[in-house]
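Work through the exercises below with the model open beside you, and try each task before you read its solution.

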Amino acid sequence: MPKAFEPVTVGRCTARHRVVMAPMTRNRAFGSATSPTELMATYYAQRADAGLIITESTQPSPIGQGFPNTPGLHSATQIEGWRKVTARVHERNGLIFAQLMHAGRVGHPSLHEDGSIPVGPSPVLAAGRVFTMDGPQEFVTPRPLDRAGIRGTLADFAAAARNAIAAGFDGVELHAGSGFLLHQFLATNANQRDDEWGGDVQGRIRFVVEVAEAVADAVDADRVGLRITPGATYNDIVEDGLHDTYLGLADALDSLGLAYLHVAEGSDAELAHRLRRRWNGTLILNPYTPGSYTGPESLKLIETGAADMVSFGALFMANPDLPRRLRLGGPFTAPDYTRAYGGDHRGYTDYPTLPPAHAA
């Protein structure tokens, strides 16, 4: 079986090892028009020893923004900002994909310059609140996407993917989880449509498949990954018939030749196993670790064949040199969650690396 620190194919790229930096929103896009800053470039460059970096959620359009100070990929200013990031990562021979995420119904008008109402598959209000510059606010009932809106959203994703390649990214990851727009189309509570984008499994997966196809057509399928979070209830998601939905989605996407499928495992471990057997391409697994975070023991999942790569979130936040620490068996710095979102360099670029002479 393969080892964690052996190379692996990721679409048209080859990752030098199988430790992935998971996407993590950090709310520090303080540049003009929600663009990346030099501090963000430093943050990602510090972690360029990852086999693959997947960036924080990045909106493909203004209406797709769901949190304050998150970066976009829909303007020339944002492209220029991201070029600084990708250049710094590539200077260290890193591999970096941009995660494209449209918040859908869980955005808020105050986050949109023109005060636009968020969009969704159906006019179904999500329970809960969203964080805004004015503090937590109740979600609002979304404006359902009509046919023109769906076509426009597909075009937005394709354009953002082209912008990502222009900005120097090696590829893009489509976020179809965590209760955001693509996930909302999959969900049986958020998607109440009675047209071809709703109803049964084939209807509910259609939008995700069309986004993947549109982006693959724009930048080639081997530059496109997809992240799913089966069973996740974040942002008021309910998914009846979980196995049928995700196995159907995997079957519909498998023939596209995507770079990878990224599965954030839920409590239903059997579904992750079934997806692994069903998916013919590279599979990245973010293991289910309730009450903790993904640690070094998860590398065994590569040796057992449960995954081709394993993604780490919290440990990568707090350990810029995580691959080296995993090789050595530690030690690991604990993340400071009080500084996870927004702020300055503290809790962001000031985490220490091991001294060169350190050995396990």
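## Exercise 1: the surroundings of a histidine

Leaving out residues up to four places away in sequence, His183 touches Ala176, Gly177, Ser178, Thr229, Ala232, Ile237, Glu239 and Tyr246, where a contact means heavy atoms within 4.5 Å. The model is a predicted one, in which local features need pLDDT of at least 70, side-chain atom pairs count only at pLDDT 80 or more, and totals for chains, interfaces and linings use all residues. Residues are numbered from 1 along each chain as its sequence is written, and side-chain values use heavy atoms, with hydrogens and water left out.

Task: find where His183 is placed, and decide whether His183 is buried or exposed.

Solution: begin with the helices, which are DSSP runs of H or I with at least four residues, while strands are runs of E with at least two, numbered from the N terminus; His183 belongs to helix α4. Next, take the accessibility: His183 counts as buried because its relative accessibility is 0%, the term buried meaning under 20% relative accessible area, exposed over 50% and partly exposed in between, with a 1.4 Å probe and protein chains only. Finally, look at the polar atoms of the side chain, one of which lies 2.9 Å from the backbone nitrogen of Gly179.

## Exercise 2: an enclosed strand

Task: explain why strand β10 is described as largely enclosed, and name the strands that β10 is joined to.

Solution: first count the residues, since 6 of the 6 residues of β10 (residues 171-176) are buried and the strand is therefore largely enclosed by the rest of the structure. Then separate the faces: Gly171, Glu173 and His175 are buried on one side, and Val172, Leu174 and Ala176 are buried on the other. Lastly, follow the pairing, which requires at least two DSSP bridges between two strands. Strand β5 (residues 96-100) runs parallel to β10 and is joined to it by 4 bridges, with Ala98 opposite Val172. Strand β11 (residues 224-228) is also parallel to β10, through 5 bridges, and Gly225 is the bridge partner of Glu173.

## Exercise 3: a helix and its cover

Task: state which elements cover the buried residues of helix α3, and what lies at its start.

Solution: the buried residues of α3 include Ile150, Leu154 and Phe157, and their cover includes β5, β10 and α5 (201-219). At the start of α3, a side-chain oxygen of Asp146 comes to within 3.2 Å of the backbone nitrogen of Ala148. Just after the helix, Gly168 has a positive phi of about 100°.

Terms used: A polar contact is a pair of N or O atoms within 3.5 Å; within protein, one must be able to donate a hydrogen and the other to accept it, and residues adjacent in sequence count only if both atoms are side-chain atoms.
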